[in-house]
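Hi there,

Here is the structure I promised to pass on. Have a look, and then read on for what turned up in it.

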Amino acid sequence: MSETAEHTDHHIDVKQFHPRAQAAIQNPKIRKNFRSAMDGLMSKRKAAFEGWDLETLRDLGANIRMRALANLPDLLEQLEKKLTENGVKVHWAVDGDEACRIVRDICKARDAKTVIKGKSMVSEEMELNHYLQEQDIEALESDLGEYIVQLADETPSHIIMPAIHKNTGEISQLLHDKTGTDLSNDVEYLTASARLQLREKFMNADVGVSGVNFAVAETGTLCLVENEGNGRMTTTVPPCHIAVTGIEKVVPTMEDLTGLLALLTRSATGQHITTYFNMISGPRKAEELDGPEEVHLVLVDNGRSSIYQDDELLDTLRCIRCGACMNHCPVYTRVGGHAYGTTYPGPIGKILMPHLIGLDEGRHLPTASSLCGACGEVCPVKIPIPDLLVRLRQESVDGDKLHPAKVRGHGAKRSTMEAMIWKGWAWMHASPGFYRFGTGAASKLRALQPASAGAWTDYRTAPKLAAKTLHQRMKERGQ
Amino acid sequence: MSSRETILQRLRNRTGGELTVPECDFSVLQRPDWSTAERVDRFERMIESVHGEVHRCTDDNWMNRLAEILATRGARNLLVAKTHEISQSLRNAGRNDLPELLIYDEPVHSWKGHLFNEVDASITSTRGGIAETGSLILWPTVDEPRLMSLVPPVHIAILKASELYTTFHEAMKAQNWSAGMPTNALLISGPSKTADIEQTLAYGVHGPKELIVLVIE
């Protein structure tokens with residue numbers, strides 16, 4: 001069942017966010033790589049939306065996604081029916097482990113030894129590469145950024161630009177060490193070397209695995225958004241294509257694509273459109289000369305149906321994975337993607353991952369935010385990310401009596417001491433006599449106030465208590 | 001219970017309130033009605049901004065332009081469809097300034113190595129284009145298979161100016177895509193590219209290094 005957390009990120013303890021963030025902040029290379037990349041992405045996005053009625057467009061994006069979610073079970077059934085008619089085999093997986101097993105079984109049935117992969121964050125969620133490797137099936141990433149990250153035995157640090165934490169010199173060294181290319185700072189040379197290496201792999205791979213950006217129910221169409229052409233190669237050249245996707249990615253109509261595509265590419269990289277928008281509706285027909293003979297779709301739940309239960313948390317599922325929230329996040333920009341230790345970093349990761357790994361494991365994620373609100377302002381589908389961060393913070397301390405906590409692992413940060421302090425605080429504020437006595441006493445004893453208050457005063461001056469309380473001053477003014 | 005039933009049941013029996021289905025108003029995607037000339041201008045500007053080339057031609061001179069383009073690049077061959085009229089006219093032209101014409105008439109597995117390593121350029125038709133984003137609409141067919149526009153390092157596409165739509169929304173509505181889609185359909189908006197190495201653009205990472213559009217006016 002999806003309620004068990006068999007999958008946490010590979011070898012990474014998500015709870016160790018603070019030491020990782022601390023280390024990242026003190027690493028000038030990481031700071032520089034992310035800062036310059038995020039600055040570039042922010043200005044490109046801004047330029048791409050010039051001349052658009054962006055608020056109305058974002059409303060459209062939000063409404064398209066809400067409409068889809070409102071009919072989610074029916075749409076999934078319609079999608080399955082259409083795809084099946086088109087000759088695509090549809091599979092359902094309650095969690096990442098089951099999805100991995102489905103992919104393995106398809107590979108085994110074809111006696112497949114090599115899998116070439118297009119970019120898919122859901123497959124990262126499933127840790128598919130590690131799983132297939134354990135099954136003696138080679139899984140090779142073909143998106144250039146993912147390829148680099150895989151060679152380095154790392155995980156993506158950004159959902160759109162997986163290798164953004166590395167600079168050209170580091171990538172050159174990596175390619176040199178792992179593939180024997182010459183050391184060079186010429187990006188064209190490095191790209192051309194990767195092209196050469198991967199072309200062989202595309203030609204010979206037994207299976208191609210890709211993600212899905214949108215799945216259209218009315219026609220049974222799987223859409224992929226990309227610039228490199230590796231997604232097209234992955235889904236066209238090998239004899240078998242397996243697409244993996246979260247159950248929330250379905251939309252009812254082809255028309256919906258127009259609104260979401262307009263928002264996705266501009267929000268993500270500031271492009272008016274990507275080089276390829278690839279729409280796949282079925283395997284090769286008997287008379288066709290190329291394309292995969294078999295196409296599979298694996299619909300992965302992995303915690304999504306739990307998010308779906310709650311009216312407020314549901315908004316999390318609107319996400320179209322553009323990455324704009326992380327590009328604009330002051331915390332992400334400083335600590336980088338790896339500090340979070342989760343598949344999805346940044347603001348969307350902070351509201352999504354607690355559902356996937358449990359709020360006990362992901363207890364620090366909702367607090368890794370200044371609640372500045374930038375993520376919510378740029379989100380193309382208007383997910384109220386700051387509100388959801390606050391909601392998860394409350395859930396992590398079981399802090400809202402009127403709304404019982406629901407997320408798995410809630411209450412992990414609750415401390416009896418803190419709860420008692422808040423109780424006392426509430427009581428004092430509800431008792432005028434004690435309130436006056438308490439604030440009056442605090443003012444009188446202000447000389448005893450310690451000069452530092454833990455981490456709070458590391459970078460700030462401690463606020464001083466006033467000599468007189470507000471009540472005393474108002475009294476003096478005769479009011 | 002199967003995973004399918006488990007998931008669907010959890011979604012159907014959700015504990016939250018009734019979900020409202022909002023109206024979706026697509027009018028924000030509409031653009032003023034550009035003239036054909038304005039559409040071609042915009043298309044050209046968009047394709048050039050992503051490193052593609054646009055050549056304005058007529059029914060009478062496109063083949064001359066094609067020959068020049070291929071000669072400049074020293075292309076040894078050109079991959080063409082089996083029966084499409086573009087292919088027919090090239091083969092019937094009897095010109096000696098065109099490179100060898102390769103016909104895609106066999107299943108890919110019988111000549112994969114040749115396709116990947118020996119083909120220098122390809123030419124395909126399009127189902128129209130989109131001016132706003134500088135995109136070509138391709139619906140690969142039995143005659144013009146999917147890999148024609150992907151594997152050769154130079155992809156040349158023929159676009160009729162009269163088939164240039166203003167927006168994706170307009171194109172989709174005009175061609176009634178919701179009635180059903182082919183096994184594969186594409187929007188192509190430039191040559192293959194990546195910015196995965198420190199945000200530096202590089203072209204031709206996996207697909208064509210060059211996209212050349214012959215707009216027939």
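How far apart do the end C-alpha atoms of residues 41-216 of chain B lie? They are 13 Å apart, and the span is 24% helix and 27% strand (helices, H or I, of at least four residues and strands, E, of at least two are DSSP runs, numbered from the N terminus). In the unreviewed UniProt entry, those residues of chain B carry the annotation "domain: LUD"; such annotations may be inferred rather than shown by experiment.

Please keep in mind that this is a predicted model: local features need pLDDT of at least 70, side-chain atom pairs count only at pLDDT 80 or more, and totals for chains, interfaces and linings use all residues. Residues are numbered from 1 along each chain as its sequence is written, with chains lettered from A and ligands numbered from 1 in the order in which they are written.

Now to where the chains meet. Chain A brings 80 residues to the contact and chain B brings 65 (residues are in contact if their C-beta atoms, placed from the backbone, lie within 7 Å). On the chain A side, α3(A) gives the most, with 9 residues. That side has 36 nonpolar, 26 polar and 18 charged residues (Ala, Val, Leu, Ile, Met, Phe, Trp, Tyr, Cys and Pro count as nonpolar, Asp, Glu, Lys and Arg as charged, and the others, Gly among them, as polar).

Best wishes

How values were computed: Contact = placed C-beta atoms within 7 Å.
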